[in-house]
Amino acid sequence: MVFVFAACGSTDANEDLAGQTIKIGFFAPVSAASAAADGLSSLNSAKLAVKLVNENGGINGAQVELVDYDDGLDTTEAANIAEKLAYDETITAVVSGSYSGPTKVAAPIFQEAGKLMVSAYAVHPDVVNAGDLIFSQSFPGALQGTAAALYAVNELGAKKIAIISVDLDFGATQVAAFKAQLDKMGYDGEIVYEQAIAISDSDMSSAVTAAAAAGADLIYSVNYYEQAAQVLREVGMKDLQIPVLGCEGADSFELLNIAGEYANGLYITTNMNRDDQNEATKAYIENYVNEYGIQPDMVGASVYDAFQVLFAAIEAVGTDTQAMKEYIAAMENFDTVTGTLIRYNDDGSAVKPVQIQLVKDGEYHSAGIIDDMKIIDPANY
């Protein structure tokens with residue numbers, strides 16, 4: 001296990017941690033039917049992070065204990081969980097391993113209670129907008145949509161784009177940014193078809209058929225893994241030969257299971273590069289596979305990163321909330337399993353490159369990177 005800590009802060013605050021237990025709160029959508037794979041990835045990575053740090057001697061002699069809850073992808077349950085964790089004085093900090101809905105409900109509760117939270121992969125801006133104790137490891141949805149537009153036009157040469165998206169903030173935000181970037185670029189093609197589909201609907205046949213009938217030469221699929229997989233299956237079974245560009249919602253081992261051979265050729269915007277030669281990335285993948293027998297995904301990697309950020313802060317400055325907040329806010333060029341965290345913005349959003357992954361032979365591989373600071377800095381959205 002490789003730990004790389006940012007060069008700021010002091011270790012003096014940790015001299016009294018030996019023999020203590022540091023409790024980290026955690027919540028994820030483990031039992032939600034539409035998010036079970038992501039919930040599993042999240043919980044697996046949270047447990048792995050805690051197991052490995054403890055096997056490595058803990059944090060300055062203190063062992064870490066995971067206090068985890070299942071939010072079921074339900075905002076009411078997330079609020080109840082947040083109340084429990086926020087006002088439990090034995091909890092040092094919290095990691096959200098859940099989607100934007102539960103996380104943006106929980107964030108203000110933690111902020112009001114004075115409890116620090118790191119969100120792993122929720123994309124809604126309201127998460128970090130809750131206050132200065134809330135940090136995010138993921139890209140805002142608008143940033144992902146912007147990066148997708150650049151790749152669709154500049155690398156995939158799309159002239160007739162069909163958009164199939166989930167009818168939630170997750171889809172709407174990315175689609176709006178995608179369109180805005182096309183306009184900004186002076187795009188000389190056209191959007192020939194657009195359809196938003198309820199998350200409860202997994203039948204993509206009519207949408208894919210309509211996209212093909214409209215002459216689409218690219219489908220921009222802004223969906224979570226189950227719907228994204230169904231888009232790919234419809235395109236493949238209909239032998240349409242239309243490339244599909246997705247988002248981090250499609251970055252899941254379960255998409256590969258559902259879509260099978262039809263997943264090959266899928267491009268996605270995400271934050272995890274499986275081909276990264278970074279020692280931390282390689283170690284995480286190896287440890288995860290050894291522990292669970294399946295490949296990790298973006299969701300799990302982002303959760304793991306959130307724990308590494310907290311561990312580094314506690315290692316450097318102890319468990320005082322204000323000290324941890326200041327340490328994390330000052331992090332620069334921090335080595336994570338999803339690449340280099342350049343820094344956090346003033347609002348707590350991570351600044352890091354966007355990875356483009358391509359599914360080849362049933363595995364995600366690198367197909368490019370977008371690292372223009374004008375694009376990857378969340379402050380620009």
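K115 is buried yet forms no salt bridge: D88, the nearest side chain of opposite charge, is 6.2 Å away. This comes from a predicted model, so please read the distances below as computed from it.

**Around K115**
- K115 sits in the loop that links helix 3 (100–113) with strand 4 (117–119).
- What does the side chain of K115 reach at 2.9 Å? It reaches the backbone oxygen of D88.
- A polar atom of the K115 side chain also lies 2.7 Å from the backbone oxygen of I91.
- Beyond four places away in sequence, K115 touches L85, A86, D88, E89, I91, T92, A93, V94, F110 and L133.

**Nonpolar cores**
- The largest nonpolar core holds 116 residues, and L255 and F307 have the most contacts inside it.
- Helix 10 (residues 298–317) gives the most to this core, contributing 15 residues.
- A second, separate core has 17 residues, among them V67, I81, I91 and I109.
- Setting aside neighbours within four places in sequence, L255 contacts Y225, A228, A229, L232, A250, G260, A263, L266 and Y364.

- Three strands form an open sheet in the order 11-12-13, with antiparallel pairing.
- Strand 11 (332–336) and strand 13 (350–351) are the edge strands, each pairing on one side only.
- Strand 12 (residues 339–344) and strand 13 run antiparallel and are joined by two bridges.
- Y344 has A350 of strand 13 as its bridge partner.

Definitions and conventions:
Residues numbered from 1 in each chain as written. Predicted model: local features only at pLDDT ≥ 70, side-chain atom pairs only at ≥ 80, totals over all residues. Heavy atoms only, no water. Helix = DSSP H or I, 4+ residues; strand = E, 2+ residues; numbered from the N terminus. Buried < 20%, exposed > 50% of the residue type's maximum accessible area, 1.4 Å probe, protein only. Lys, Arg positive; Asp, Glu negative; His and termini not counted. Salt bridge = Lys/Arg side-chain N within 4 Å of Asp/Glu carboxyl O. Polar contact = N/O pair within 3.5 Å; in protein donor to acceptor, adjacent residues only side chain to side chain. Contact = heavy atoms within 4.5 Å. Core = buried A, V, L, I, M, F, W, Y, C linked by side-chain atoms within 4.5 Å. Pairing = 2+ DSSP bridges.
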